[in-house]
Amino acid sequence: MIRVEGLTKVFQDKKRGAVRALDQVSFEVKPGEIVGILGPNGAGKTTALRLLATVLKPTQGTAVVAGYDIVREPEMVRSRIGFLSGDMGLYGRLTPREILAFFGRLSGMEPAALKRRSDEVVSMLGMAAYADTRTDKLSTGMRQRAAIGRTIVHDPPVLILDEPSYGLDVPTARLIENFILEARRGGKCILFSTHVMEEAEYLCDRIVVIHEGKVRITGTMEDLRAATGKTRLREIFLDLLNIREEPMEAKA
Ligand SMILES: Nc1ncnc2c1ncn2[C@@H]1O[C@H](COP(=O)(O)OP(=O)(O)OP(=O)(O)O)[C@@H](O)[C@H]1O
Ligand SMILES: [Mg+2]
């Protein structure tokens, strides 16, 4: 569903010069699979997800998402993904329900189907109490739910979620986790980034650790345990960042 091949992004920054945010990154996400991208601040996670969502163009390399090339067929990719970007991008003057309607129409949904789906999403994300309140009057977690709702309203086969649990309380984070598991049962492919190790452990079929734009390791929790000799993801993660000098590949 997602095949990333040698993806490289170099930003030209006025002050810093050339910033190699992503360097020859390759990995795969299969249908019905949840893959988590982990990495410290500035590792390149958001850049990778934005490239896959066709918001940015790669400097080198490419990826195929839902059967389409991100460089040559970005519109096709865009219509088949739900992308949750870190900055939410909500229109403050719209209510969650209006946002769902807006994005549903944008992706060509019929009014009746859109109404049904919108009700479903509102109830699924527990937004009933504030679905008709302007988003600029909502709390961080409420806004994040609206942003997630917007991402999934058209029921895309591929979900690309940048820190979906950011700003969420524990019950809501669990609700989102369960939603992601449910999406996997429906055969969707989910790629997400997170700083919450428990969440990655709970959700991921496989994990990609990136550091300074490079893939450090990809594999299942078992692969990561075998490679580091540690048990908990938190320890594995620290171990990979501090000790390993060479990129490694662990395949299930
Ligand atoms: N538009 C841009 N122009 C210049 N540099 C950029 C731009 N976007 C990102 N970068 C740089 O690319 C690198 C990777 O940033 P990115 O946002 O992908 O990291 P991240 O892994 O998502 O970090 P975080 O955990 O803090 O969200 C950083 O050095 C960042 O400053
Ligand atoms: Mg980020």
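Here are some questions and answers about the predicted model shown above.

User: Which element gives the largest share of the shell around ligand 1?

Analyst: The residues around ligand 1 include Phe-11, Asp-13, Val-19, Ala-21, Lys-45, Thr-46 and Thr-47. The elements that give two or more residues to this shell are β1, β2 and α1. With three residues, the largest share comes from α1.

User: What about the six-strand sheet: which strands stand at its edges?

Analyst: This one is also an open sheet, in the order β6-β7-β8-β3-β9-β10, and its pairing is mixed. From one strand to the next, the twist averages 15 degrees. The edge strands each have a single partner, so each has one side without a neighbour in the sheet. Those strands are β6 (81-84) and β10 (214-219).

User: Val-35 has a bridge partner in β8. Which residue is it?

Analyst: Strand β3 (residues 34-38) pairs with strand β8 (residues 189-193) in the parallel sense, over four bridges. β3 is also joined to β9 by four bridges, and those two run parallel. On the β9 side, Val-35 stands opposite Arg-206. In β8, the bridge partner of Val-35 is Leu-191.

User: How many of the six residues of β9 are buried?

Analyst: Arg-206, Val-208 and Ile-210 point one way and are buried. Ile-207, Val-209 and His-211 point the other way, and they are buried too. That makes β9 mostly covered, with the buried count at six of six.

User: Which helix lies across β3, β9 and β10?

Analyst: Here β9 is 206-211, and the helix runs at about 35 degrees to that strand. The helix covers residues 233-242, and its name is α9.

User: And which residue in the hairpin of β9 and β10 takes a positive phi?

Analyst: β9 and β10 run antiparallel and are joined by five bridges. One bridge pairs Ile-207 with Gly-219 in β10. The hairpin has two residues between the strands, and a positive phi near 50 degrees is found at Glu-212.

User: How far apart are the end C-alpha atoms of α4?

Analyst: Helix α4 (residues 111-124) has 14 residues. At 1.5 Å a residue, it should span 20 Å, so you can check that against the model. The two agree, because the end C-alpha atoms are apart by 20 Å.

User: Which residues of α4 are buried, and which exposed ones sit on the face turned away?

Analyst: The buried residues of α4 are Ser-118, Val-121 and Val-122. Seen down the axis, they fall within an arc of 100 degrees, so they line one face of the helix. What covers them includes α3 (96-106) and α5 (140-152). The face turned away carries the exposed residues Ala-112, Ala-113, Arg-116 and Ser-123.

User: Is Gln-24 buried, exposed or partly exposed?

Analyst: Gln-24 has its place in strand β2. It isn't a glycine, yet it has a positive phi of about 55 degrees. A residue needs 20 or more C-beta neighbours within 10 Å to be buried, and 12 or fewer to be exposed. Gln-24 has 15 inside 10 Å, so it counts as partly exposed.

User: Where does Ala-66 lie?

Analyst: Ala-66 has a positive phi of about 50 degrees although it's not a glycine. With 18 C-beta neighbours inside 10 Å, Ala-66 counts as partly exposed. Its place is the loop between β4 and β5.

Notes: Residues numbered from 1 in each chain as written. Chains lettered and ligands numbered in written order. Predicted model: local features only at pLDDT ≥ 70, side-chain atom pairs only at ≥ 80, totals over all residues. Expected span 1.5 Å × (residues − 1). Arc of directions from axis to C-beta. Contact = placed C-beta atoms within 7 Å. Near = placed C-beta within 6 Å. Pairing = 2+ DSSP bridges. Axes fitted to C-alpha atoms, helices over the stretch in contact; angles between N-to-C directions.
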